[in-house]
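Biologist: I would like to learn how to read the features of a protein model. Please take them one at a time.

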Amino acid sequence: MIEEICEVKKNVSMKTLSTIKIGGRADYVAYPKNQKQITELIQYCKSNNIKFFILGNGSNVLCCDRRYYGVIIKLSHLNKVFYDGKRIYAEAGAFLCQLINCAIDNSICGFENLSGIPATIGGALKMNAGAFGSCISDTVIGVNVLRENKVIYLPKEECAFKYRKSGFLKDDIIISAIFNDEKSNKGELVSRQKEVLLKRSLIPKEPSLGSIFKRHEKVIVSKLIDELNLKGVQCGGAMVSPIHAGFIVNFNNAKAKDVKRLINYIKRKCIKERGILLEEEIVYLD
């Protein structure tokens with residue numbers, strides 16, 4: 001039984017697991033405390049043909065409306081972040097803000113542009129999260145992943161980071177990562193962080209998944225959506241934010257199907273009107 005391996009909650013509403021507050025119920029949400037429990041849990045799921053999904057803060061994941069017949073794994077207990085005088089070490093379940101604050105507290109630069117992104121370290125690495133011209137991969141030295149029941153170290157070049165993606169294998173589970181310690185002036189870092197947080201304070205306040213679409217080489221995506229007069233367009237309880245056209249917000253008990261229909265409508269309009277194909281940045285948990 002899963003309950004014999006680690007802490008487990010049953011019949012959990014996935015609305016509580018995603019920043020857009022959408023989703024049906026999950027059979028189990030598991031909270032392994034260490035590498036041993038993670039390994040045993042994955043082995044159990046595979047041996048019993050049980051679906052599983054590693055979920056960080058859910059800030060980039062649209063959960064399905066129907067029941068999830070499987071196990072959602074949260075690495076919340078793996079949440080240490082510290083600086084040893086040479087490198088920053090961060091576990092996958094820690095929040096990105098912990099890493100950023102640790103860096104700034106120790107006068108280490110390269111992290112401040114990521115301020116305000118509501119992600120865990122594992123989730124941020126998986127999708128190579130970024131903002132204002134920076135990505136988390138800019139500061140990575142290497143990543144420890146659980147692969148085939150063993151933790152292996154992957155130097156940055158083997159992680160194959162690209163824009164909003166990485167080269168981790170499908171079944172890899174990020175355990176922790178090591179980051180560089182390029183020094184800078186702490187006062188300047190604090191000032192830059194304040195600037196970034198001020199800019200992010202202007203984004204929509206309703207539940208959302210942040211930017212829905214990836215950056216496009218030919219256009220500014222939010223500007224394109226705005227030019228097509230799609231701000232405020234609704235589908236069920238989902239709406240293109242009137243404040244930021246790159247966001248879809250849950251303004252009235254939206255369903256995942258509402259968000260998907262709205263995404264597809266935006267994509268069709270962009271192709272029809274401008275010949276531009278947009279690609280989602282978000283992940284679907286079906």
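**Reading pockets, rings and loops**

Modeller: By class, the second largest pocket is lined by four nonpolar, two polar and six charged residues. Ala, Val, Leu, Ile, Met, Phe, Trp, Tyr, Cys and Pro count as nonpolar, Asp, Glu, Lys and Arg as charged, and the others, Gly among them, as polar. The model is predicted: local features need pLDDT of at least 70 and side-chain atom pairs pLDDT 80 or more, while totals for chains, interfaces and linings use all residues. Residues are numbered from 1 along each chain as its sequence is written, and side-chain values use heavy atoms, leaving out hydrogens and water.

Biologist: Which residues line the second largest pocket?

Modeller: A pocket is an open set of points on a 1 Å grid over the protein atoms alone where a 1.4 Å probe fits, with protein on both sides within 12 Å along at least five of seven lines; lining residues have an atom within 4 Å of a point. Here the lining includes N60, K126, M127, R164, K165, S166 and F168. K214, E280, E281, I282 and V283 line the pocket as well.

Biologist: How many aromatic pairs does the structure hold?

Modeller: Rings of Phe, Tyr and Trp (its six-membered ring) pair if their centres lie within 6.5 Å; planes under 30 degrees apart are stacked, over 60 edge-to-face, the rest tilted. The structure holds three such pairs. In one of them, F111 and F179 have ring centres 5.9 Å apart and planes at 65°, so this pair is edge-to-face. F111 is in the loop between α2 (96–105) and α3 (121–127) and F179 in strand β12 (residues 173–179), so the pair ties together parts 68 residues apart in sequence. Helices (H or I, at least four residues) and strands (E, at least two) are DSSP runs numbered from the N terminus.

Biologist: Is F111 buried or exposed?

Modeller: Buried means under 20% relative accessible area, exposed over 50%, and partly exposed in between (1.4 Å probe, protein chains only). F111 is buried at 0%, and F179 is buried at 0%. The pair of F161 and F168 is edge-to-face too, with 5.9 Å centre to centre and 80° between the planes. Both F161 and F168 are buried.

Biologist: What does N128 touch?

Modeller: Contact means heavy atoms within 4.5 Å. N128 lies in the loop between α3 and β8 (130–131) and is buried, with 2% relative accessibility. Neighbours within four places in sequence aside, N128 is in contact with C135, I136, S137, F161, K162, R164 and K165. Of these, R164 and K165 are among the lining residues of the second largest pocket.

Biologist: Where does R192 lie?

Modeller: A charge sits over a ring if NZ of Lys or CZ of Arg is within 6 Å of the ring centre and within 35 degrees of the ring normal. R192 lies over the face of F132, 5.8 Å from the ring centre. The charged end of R215 is over the ring of Y163, 4.1 Å from its centre.

Biologist: What is phi of F132?

Modeller: Most residues other than glycine have a negative phi. Phi of F132 is positive, near 50°. F132 is in the loop between β8 and β9 (134–135) and is partly exposed at 37% relative accessibility. N49 also has a positive phi, about 55°. N49 sits in the loop between α1 (35–47) and β3 (51–54) and is exposed at 73%.
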